[in-house]
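A report on both topics follows.

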Amino acid sequence: MSVNPVLIIEKKRDGHELSSEELRDFIKGIAAGTIEDYQATAFLMATFFQGMTPAETVALTKAMLESGERIDLSSVAGTKVDKHSTGGVGDKVSLILAPLAAACGLIVPMMAGRGLGHSGGTLDKLESIEGFQVQISKQDYIRILKNAGCAIIGQTASIVPADKKLYSLRDVTGTVPCVPLICGSILSKKLAEGTNALLLDVKVGSGAFMKTLSEAKTLAKSLITVAKKMGLPARALITDMNQPLGYAVGNSLEVLECIEILRGSKPASSDLSSVDLRELTLTQCAHMLVLGKKAKNLKDGRILALKKLQDGTAWEKFRSMVSEQGGNLTWLDEPNLFPKAPIEVQWKSKKRGYLKSMDTEALGKILVDLGGGRKRAADPVDPAVGIWFHAKLGAKLTSGQTIATVFARDEKILHALEQRFQASLEISGTRPKLPPLVHAEIT
Ligand code: URA
């Protein structure tokens, strides 16, 4: 590193614009381990408060991309289209969407993330399946894409190592909700993985990092602008995160919910299939099919996606991906094999009325405290804890009705967590207006 990292941290702290060379050197030092974690974290916090100019955001993304190698997928035939969510609670769409879009004829090279702050992570969810590997070599990644049509992998020491490091630091230092850091993190992964086009799912609401529509639009526009500057065609959907998506929150439970939906025409217990999750997945698939020119318009795309979900092709693709990535297929056929934490309790409504609002970030933090997320970078994640919701926004509740079943390991924390759970809910006497699933489309 040719410049002193302290000077770069101070420059950002004082609100000055960093040059491309400064950002490149600093990010290179993070990836090489010559910049200490405490310096990286100070830089993240300074960026959180001071922000970055559009030119800095592009330079940060480029520097993060160049911290590792960029994968050339030209040997894999077909159009590659990926999707990335900015993060939410119960957002398990990628697990269904990747195999579904592959079933519709796309190649889906998906480099995903772990839990971040209060939001869940696709990699943590998939690792609940016994044997499932997310640390994949470049050669295996290409082989899996050729054989299964989709792969969901994590950052490695050679592919976006800077994001691997910064992501885990942001997770535990309160520096996630920051537009340039989110742009750099998401787009460096997407540019490295070799996709031809990208659908961005920008979450908005109480469980998202962007709480208001205007903040979400700012993030979506920044993501699209930086993607285009880097030569990656992208479009964004701004989707609702004012309640957990689907019913499950927690790694194993979320995989089980996805299995139910992927089994499509042959659900094991149809009452588990959640409408919002399935609907959002079909919508996103339609957008990916239009981006990848497999459908003329969204209507045709949705019809194709629904067909492939219902006829079992998406389920077969999921099985193929799980098997190629080392997962034990028996677990997909026998859901009882997934671990469930030993203490099961019901959290009930304290009064009668309609479920008007849920502080979804608070719900995500309850999962973290149950052990389903991280408080320190090296924390393991417990796949067996979680919350199964029995009510969505707008539900008519009676007093004493179960709103959630909780799977926990530690009895002692449950009383305080239930109090936080009750405080996160608003129950009103009048029927609330429900938020739309998709708030806006940005192309
Ligand atoms: N997903 C990512 O990969 N990075 C972020 O910063 C947020 C969501």
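Val160 is buried, with a relative accessible area of 0% (buried means under 20% relative accessible area, exposed over 50%, with a 1.4 Å probe and protein chains only). Val160 lies in the loop between strand E3 (150-153) and H8, and has a positive phi of about 40° although it is not a glycine. Lys293, a non-glycine residue with a positive phi of about 60°, counts as exposed at 74% relative accessibility. Its loop runs between helix H12 (275-291) and helix H13 (298-310).

The model is predicted: local features need pLDDT of at least 70, side-chain atom pairs count only at pLDDT 80 or more, and totals for chains, interfaces and linings use all residues. Residues are numbered from 1 along each chain as its sequence is written, and side-chain values use heavy atoms, with hydrogens and water left out.

| Residue | Ligand atom | Distance |
|---|---|---|
| His84 | oxygen | 3.0 Å |
| Ser185 | nitrogen | 2.7 Å |
| Lys189 | oxygen | 2.5 Å |

Taken alone, the ligand exposes 230 Å², of which the protein buries 97% (Shrake-Rupley method, 1.4 Å probe).

Notes: A polar contact is a pair of N or O atoms within 3.5 Å; within protein, one must be able to donate a hydrogen and the other to accept it, and residues adjacent in sequence count only if both atoms are side-chain atoms. Helices (H or I, at least four residues) and strands (E, at least two) are DSSP runs, numbered from the N terminus.
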